Amino acid sequence: METLVVEHPLVAHKLTALRDARTDSPTFRRLADELVTLLAYEATRHVRVTGVTVETPVAKARGVRLAQPYPLVVPILRAGLGMLDGMTRLLPTAEVGFLGMIRNEETLKAETYATRLPDDLSGRQVYVVDPMLATGGTLAAAIRFLFDRGADDVTALCLLAAPEGIAHMDEAFAGSDRPIRLVTAALDERLNEHGYIVPGLGDAGDRLYGVV
Ligand SMILES: O=P(O)(O)OC[C@H]1O[C@H](OP(=O)(O)OP(=O)(O)O)[C@H](O)[C@@H]1O
Ligand SMILES: O=c1cc[nH]c(=O)[nH]1
Ligand SMILES: [Mg+2]
């Protein structure tokens, strides 16, 4: 997996506020939304475009527009929903599919409880959004699901990633000829004994939407 850690003072500033345990849910949601917009700029660097000509008031100009089929954005519920609006703001013509996954907090294995995606993803570029890449079990299962439906190019946007999760992804997709990219605001130190990212930001879903 090709990993890009976005080094930018504004990203670092917003991420620090996001990590702060005193940050309340409304502020956490706003910061997550703002961070996605900044990450999306980098994450869409490979988005497919096609050449077009437009008439300016002065002359013809060569330019590009997004190629069809348009990209598919897939938030991993629940926490990934906190990143959806920021992503579609930048890619308003993208389609949106949904994957509901929850990590069993005893076994740390991901379980899928909802899927609402196009059946055929052949030739589609997909942007998966989920704030946390911890053990990597959730993201690996999500990408396997997308590959099984034919997706041929997947970029994941995560606010935070752990080295263990990146290693898991590299092992799970070793030898895959389909590109997988990760764009993240930070690569943290490690996971703790409960599978939480250290220093991390705690439980992203709970901080966005409250404890359920
Ligand atoms: O890399 P992993 O070890 O698989 O963990 C990461 C997953 O855990 C969190 O979701 P969670 O399972 O808490 O569900 P939620 O979004 O409903 O809170 C997070 O949003 C990721 O989906
Ligand atoms: O640190 C972590 C790990 C998994 N899921 C979270 O929400 N936070
Ligand atoms: Mg959670």
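Visitor: Which element gives the largest share of the shell around ligand 1?
Guide: That is strand E6, which contributes three residues, the largest share of the shell around ligand 1. Strands (E, at least two residues) and helices (H or I, at least four) are DSSP runs, numbered from the N terminus. Please keep in mind that this is a predicted model, in which local features need pLDDT of at least 70, side-chain atom pairs count only at pLDDT 80 or more, and totals for chains, interfaces and linings use all residues. Residues are numbered from 1 along each chain as its sequence is written, while chains are lettered from A and ligands numbered from 1 in the order in which they are written.

Visitor: And how many residues surround ligand 1?
Guide: Ligand 1 is surrounded by 22 residues, the closest being Arg78, Ala134, Thr135, Thr138 and Gly205. Two or more residues of this shell come from each of strand E6 (98-103), strand E9 (132-133), helix H4 (137-148) and helix H6 (204-209). A residue belongs to such a shell if its C-beta atom, placed from the backbone, lies within 6 Å of the molecule.

Visitor: What's the shell like by class?
Guide: Around ligand 1 there are eleven nonpolar, seven polar and four charged residues. Ala, Val, Leu, Ile, Met, Phe, Trp, Tyr, Cys and Pro count as nonpolar, Asp, Glu, Lys and Arg as charged, and the others, Gly among them, as polar.

Visitor: Which residues are around ligand 2, then?
Guide: Met132, Ala134, Gly195, Tyr196, Ile197, Gly200, Asp203, Ala204 and Gly205 are around ligand 2, and they divide into five nonpolar, three polar and one charged.

Visitor: What does the UniProt annotation "binding site" cover?
Guide: In the unreviewed UniProt entry, that annotation covers Ile197, Gly202, Asp203 and Ala204. UniProt positions are given in the numbering used here, with feature names shortened, and annotations may be inferred rather than shown by experiment.

Visitor: Is Ile197 buried or exposed?
Guide: Ile197 counts as buried because it has 27 C-beta neighbours inside 10 Å; the cut-offs are 20 or more other C-beta atoms within 10 Å for buried, 12 or fewer for exposed, and partly exposed in between, with C-beta atoms placed from the backbone. Ile197 is in strand E13 (residues 197-198), and beyond four places in sequence it is in contact with Met132, Ala134, Leu160, Ala162, Asp188 and Leu191. A contact requires C-beta atoms, placed from the backbone, within 7 Å of each other.

Visitor: And where is Asp203 found?
Guide: Asp203 is in the loop between E13 and H6, and it is partly exposed, with 14 other C-beta atoms within 10 Å.

Visitor: Back to H4: which of its residues are buried?
Guide: Gly137, Thr138, Leu139, Ala140, Ala142, Ile143 and Leu146 are the buried residues of H4. After H4 comes Gly150, whose phi is positive, near 105 degrees.

Visitor: What about the protein chain: how many helices and strands?
Guide: The protein chain has six helices and 13 strands, and 35% of its 212 residues count as buried. Its C-alpha trace spans about 60 × 35 × 30 Å along the principal axes. Among contacts between residues at least 6 apart in sequence, 70% join residues at least 24 apart.

Notes. Contact = placed C-beta atoms within 7 Å.
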